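These are my notebook entries on one structure. I wrote them while looking up one item after another.

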Amino acid sequence: MKVVPKDFTSPFERLRWVLKALRAPDGCPWDREQTLQSIQPCLQEECYELLAAMVDDENLDNHREELGDVLLQVLFQCDIREDEGSFTFDDVATVLADKLIRRHPHVFGDVNASDTETVLKNWETIKQTEHKTPKASALDGVPVNLPALLKAQRTQHKAAKVGFDWKDADGPEAKIVEELAELRQAIASGNQTAIEDEYGDVLFSIVNLARHIHVDAESALRAATEKFARRFRAVESRVKAEGKVMKDLSLEALDQVWDAVKAEQMS
């Protein structure tokens, strides 16, 4: 059994020692076997769990725990790279600090930036000078594995930065109407491939509208889904309290319960 030392200089140093002990030859078999590929699902899951914890102010212990789980994923990857002789966590921290200093010349230099718009413009300008090789496309840099809505919004944003964009929300609004008409035609044709293609175009257009009206599509859909789930559970509880079964009720009857729940939750 390993004895955990008590003379660490900080909680962070203690955490790094624990992780290295887990991945040591006499440590945990599972931790030793993990690779960058095998832990990808873990990172994705932990990030989503952290996102959920961030909006729950009534459970700060959970938020703290989920932050730790994401930090573990970062340290785990650094430890794997250190074992193969590529880089260490200290290298990661150094690169990050250097980048933050470089991209904030209004804080660490003599550049004036009194508003957020100027800060973001300077950030993008500096970021472009950091690329070692010229980009083949304005869309380069959009992560492949982003959630679909977020990926669509990031892709549209990058295209807009080089002028490929409507001047206001009227453009994407009209595009939604156009794409909905094409989706109806595809549905009428019965061609499943065409239906899926046109349905994707509708979603992409709706995301474009979200961008123009300053709405994060991913967050908005998540909130709408959570709102639906909250109201649906209330409908289930009300129907059950009345001694009824949802499957035995008509859609009209369920809609009446839904409208009552909705009115109560909005009041």
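**Entry 1: cysteines**

Is C28 buried, partly exposed or exposed? I looked up its relative accessible area, found 25%, and noted C28 as partly exposed. The cut-offs I use are under 20% relative accessible area for buried, over 50% for exposed, and partly exposed in between, with a 1.4 Å probe and protein chains only.

The model is predicted, so local features need pLDDT of at least 70 and side-chain atom pairs count only at pLDDT 80 or more, while totals for chains, interfaces and linings use all residues. Residues are numbered from 1 along each chain as its sequence is written, and side-chain values use heavy atoms, with hydrogens and water left out.

How many disulfides does the structure hold? I counted 0 disulfides, taking a disulfide as a pair of cysteine sulfur atoms within 2.5 Å. For C28, the closest cysteine sulfur is in C42, 12 Å away, and that is too far for a bond. C47 is in no disulfide either; its nearest cysteine sulfur, that of C42, is 11 Å away. I also noted C47 as partly exposed, at 32% relative accessibility.

**Entry 2: the nonpolar core**

Which residues make up the largest nonpolar core? I listed 8 residues: L19, L36, I39, L75, F76, C78, I80 and F89. A nonpolar core here is a set of buried Ala, Val, Leu, Ile, Met, Phe, Trp, Tyr and Cys residues joined through side-chain atoms within 4.5 Å. Helix α4, residues 60-83, gives the most to this core, with 4 residues. Helices are DSSP runs of H or I with at least four residues, strands are runs of E with at least two, and both are numbered from the N terminus.

I then looked at F89 by itself. Leaving out residues up to four places away in sequence, F89 touches F12, R16, L75 and C78. Contact means heavy atoms within 4.5 Å.

**Entry 3: helix α10**

Helix α10 covers residues 192-212. I checked its length: at 1.5 Å a residue, its 21 residues should span 30 Å, and the end C-alpha atoms are 31 Å apart, which agrees. The expected span is 1.5 Å times one less than the number of residues.

Which residues of α10 are buried? I found I195, E198, V202, S205, V207, N208, L209, A210, R211 and H212. The cover over these buried residues includes α8 (148-161), α9 (170-189) and α11 (217-241).

From the α8 side I picked Q156, which is found in that helix. Q156 is buried, with a relative accessible area of 5%. Apart from neighbours within four places in sequence, Q156 is in contact with F204, V207, N208 and R211.

I looked at both ends of α10. N191 caps the N-terminal end, with a side-chain oxygen 3.0 Å from the backbone nitrogen of T193. After α10 comes H214, whose phi is positive, near 60°. I marked this down as a positive value in a residue other than glycine. H214 is found in the loop between α10 and α11, and at 74% relative accessibility it counts as exposed.

**Entry 4: salt bridges**

How many salt bridges are there? The count comes to 16, where a salt bridge is a side-chain nitrogen of Lys or Arg within 4 Å of a carboxyl oxygen of Asp or Glu.

D79 and K20 meet at 2.7 Å, N to O. This pair links distant parts of the chain, with D79 in helix α4 and K20 in helix α1 (residues 11-22), 59 residues apart. D79 counts as buried at 6% relative accessibility, whereas K20 is partly exposed at 36%.

E124 and K161 meet at 2.9 Å, N to O. E124 is in helix α7 (residues 116-129) and K161 in helix α8, 37 residues apart. I noted E124 as partly exposed at 26% and K161 as partly exposed at 41%.

R238 and E264 form a salt bridge at 2.7 Å, N to O. R238 lies in helix α11 and E264 in helix α12 (residues 251-266), so the pair ties together parts that are 26 residues apart in sequence. R238 is partly exposed at 26%, and E264 is partly exposed at 49%.

Last, I traced salt bridges that share partners: they join K20, R23, D79, E82 and D83 into one network.

Conventions: Polar contact = N/O pair within 3.5 Å; in protein donor to acceptor, adjacent residues only side chain to side chain.
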